[in-house]
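Please look over the sequence and the structure below.

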Amino acid sequence: MTALTLSTAGAATLRADAIVVGVAKGPKGPVAAPGAEAVDQAFDGKLGAVLETLGASGGESEVTKLPSQGGLKAPVVIAVGLGPVPDEEETYGAETLRRAAGAAARALSGVKKAAFALPVEAVEDIEAIAEGALLGAYAFTAYQGGDKNVKKGEGPKRPLGEVALLGAKPRDKAHKAAAERSVALAEEVNRARDLVNTPPNDLTPEAFAALVAAAGEEHGLTVEVLDEKALAEGGYGGILGVGQGSANPPRLVRIGYTHPDAEQTLALVGKGITYDSGGISLKPAGHNETMKCDMSGAAAVFATVVTGARLGLEVNLTGWLALAENMPSGSAVRPGDVLRMYSGKTVEVLNTDAEGRLVLADALTRASEESPDAIVDVATLTGAMMLALGNRTFGIMANDDTFRTWLHETAEEAGEASWPMPLPADLRKGMDSPTADIANMGERMGGGLVAGLFLKEFVGEGITWAHLDIAGPAFHEGAPYGYTPKGGTGSSVRTLVRLAERTAAGELG
Ligand code: BES
Ligand code: MN
Ligand code: ZN
C-alpha cells in the first residue's frame with residue numbers, strides 16, 4: 001500500500017521523483033493554482049503559458065507531464081487540472097481535489113515518491129487530497145507477475161510508492177488526524193476493491209468468512225460464522241436456498257465492533273453473492289465475469305466495520321455478511337420452489353436470478369433481532385437501478401423519508417453520488433403469490449423499487465432501515481477516471497463510514 005507523509009518542506013527543495021501541482025481553467029487559459037507558486041517560479045512565472053503550449057486547458061483531472069526547470073529537485077512536474085478558478089471567497093471543492101489527486105496518482109504508477117503541492121486551505125482539503133491520492137494509487141496485481149519465464153521487474157507496474165503531502169503539518173493535531181483518517185479509509189476502500197476483484201474460484205463464501213475472521217482477530221472484533229449446518233439448524237431458508245446449488249456452501253457472518261462509550265448501534269447488512277450465474281434462471285452468455293462483483297455489498301460492510309474499529313469511533317457497528325454462490329445444478333433451487341425464510345415467511349421463487357433479496361431477507365431479520373438504532377443494507381441488487389440511475393450513482397430507499405434524505409446528504413459529504421428513490425406501495429401486489437406469502441419477483445417496471453419493497457417486509461417492526469442499491473457504481477467497466485479504477489470501486493464504503501461517524505457524533509437522522 002502506498003505510504004503517506006506530511007511535509008512542510010518547500011515544493012522546490014523536497015526530494016521526490018515528481019511534483020504534482022494544480023492548474024485551473026482561467027478565462028484566458030490555464031493558470032497555476034495555489035500550492036504551485038515555487039514550481040511556477042522555476043518556470044519564470046510562465047507555468048500556465050507552458051502548459052497552454054502543450055495543449056492543456058486546466059479542465060478537471062486533465063494530466064500533463066513536463067520536465068522540471070530551474071531549481072526544482074524533482075525531475076518531473078505533473079500538472080493536474082482543477083477545472084474553473086473558484087469565485088472569490090470560494091475554494092476548490094473536496095471532490096475536485098480528490099479526483100485531481102487520484103488522476104495524478106494514477107499517472108504516477110511505477111514511481112517511488114511524489115510530492116503533492118495541490119491547494120490546501122483547510123483540513124478537509126488535506127483529507128480530500130490524501131484520500132484521492134491513496135485511492136488513485138490502487139492496483140490489483142495479485143494474479144499477475146508470477147510467470148517463471150519472465151524476468152523479475154518486468155511484471156506489471158507497481159502503484160506509486162509514497163505520497164508526500166505538502167502544506168500539511170506533521171506536528172499539527174488536526175492535520176495528523178486527517179491524514180490518519182484518510183489512510184485508514186483509503187486502505188479499507190482498497191480492501192473492499194481487492195475482495196471484489198478477487199476471482200470467484202478463490203473468493204468462495206467459506207474463504208470470504210475466513211478473511212473476515214482473520215481481520216477480526218487483527219482489529220479486536222467479534223466474528224461469528226454460521227456454516228451451512230448452523231444455517232440449517234437456525235432455519236435460514238433464504239441463504240440456504242440460494243446457496244444449495246453450489247459446491248461452495250453458504251455462510252452468514254456477523255462482525256461486531258463495540259465502543260465502551262457508544263450510545264448507538266448501527267447494523268450494516270451486505271449482499272455477498274460471491275458469484276451470480278443466475279442459477280437455474282441462468283444469465284445469458286456474454287460478459288458474466290463481472291458477476292464476481294455481486295459480493296460488493298458484503299465487502300463494503302466488512303471494510304466499514306474495520307474502518308470504524310481503526311478510527312475508534314464512538315458507535316457500535318454490527319456487520320452482517322450474507323454469503324452464498326448462486327449456481328445452477330441438480331441441487332439448485334428451482335423456479336416454483338417455496339422457501340421458508342428465517343422470519344417464518346414463505347417465498348415462492350419465480351426467478352432464481354432474484355437471489356440477492358433472498359439472502360438479504362434472512363440477514364435483515366436476524367439483524368433486527370438485536371434491535372439496532374438503524375439498519376442499512378448494501379447490495380448490487382438490480383439491473384433496473386442501473387437503468388434508472390446509470391453507472392455512477394447508487395439508489396437509496398428507506399422506510400423513513402427523513403433517514404433517506406439524511407443518508408443522501410451523508411453520501412454527498414463522503415463524495416459519493418446517490419439519489420433517493422421511493423417505495424411505492426402499489427408495486428407490492430405484483431409480488432402476490434398464489435402459493436406462498438410473497439414471490440421473489442414482481443412487475444418488471446420499477447424493478448429496483450420492487451426489490452426494495454421485498455426487503456422492507458423482512459425488517460423488524462419499528463426499526464429505521466435504508467437500502468442502498470449499488471449495482472451501478474460497484475464495478476467500473478470503463479477506463480479509470482479520477483480516483484476510480486477499472487473493476488471493483490469500493491462503492492458505499494465512504495458513505496457508510498461517514499454514516500458511522502455522524503452516528504457517533506449523535507447526528508443519526
Ligand atoms: N446481481 C444482479 C443484479 C446486477 C446486475 C448487479 C448487473 C450488477 C450488475 C441480481 O442478482 C439480478 O440478477 N437481478 C435481476 C432481478 C430480476 C430477475 C428480478 C435483474 O436485475 O435483472
Ligand atoms: Mn441475480
Ligand atoms: Zn445478484
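**The zinc site and helix H6**

Along the sequence, the residues that donate to the zinc ion (ligand 3) follow the spacing K-x4-D-x17-D-x60-E. This is a predicted model, in which local features need pLDDT of at least 70, side-chain atom pairs count only at pLDDT 80 or more, and totals for chains, interfaces and linings use all residues. Residues are numbered from 1 along each chain as its sequence is written, chains are lettered from A and ligands numbered from 1 in the order written, and side-chain values use heavy atoms, without hydrogens and water.

Lys-271 (NZ), Asp-276 (OD), Asp-294 (OD) and Glu-355 (OE) coordinate the zinc ion (ligand 3) at 2.0 to 2.4 Å. Donors here are N, O and S atoms within 2.8 Å of the metal (3.2 Å for Na, K and Ca); water is not among the atoms, so sites may look incomplete. The site has 6 donor atoms with angles of 77 to 174 degrees and is octahedral (six donors, opposite ones over 155 degrees apart and all others between 65 and 115). Asp-276 also coordinates the manganese ion (ligand 2), 3.1 Å from the zinc ion (ligand 3). Both Lys-271 and Asp-276 are buried (under 20% relative accessible area, with exposed over 50%, 1.4 Å probe, protein chains only).

After H6 comes Gly-220, with a positive phi near 65 degrees.

Definitions and conventions
Helix = DSSP H or I, 4+ residues; strand = E, 2+ residues; numbered from the N terminus. Tetrahedral: all angles 85-135°; square planar, octahedral: opposite > 155°, others 65-115°.
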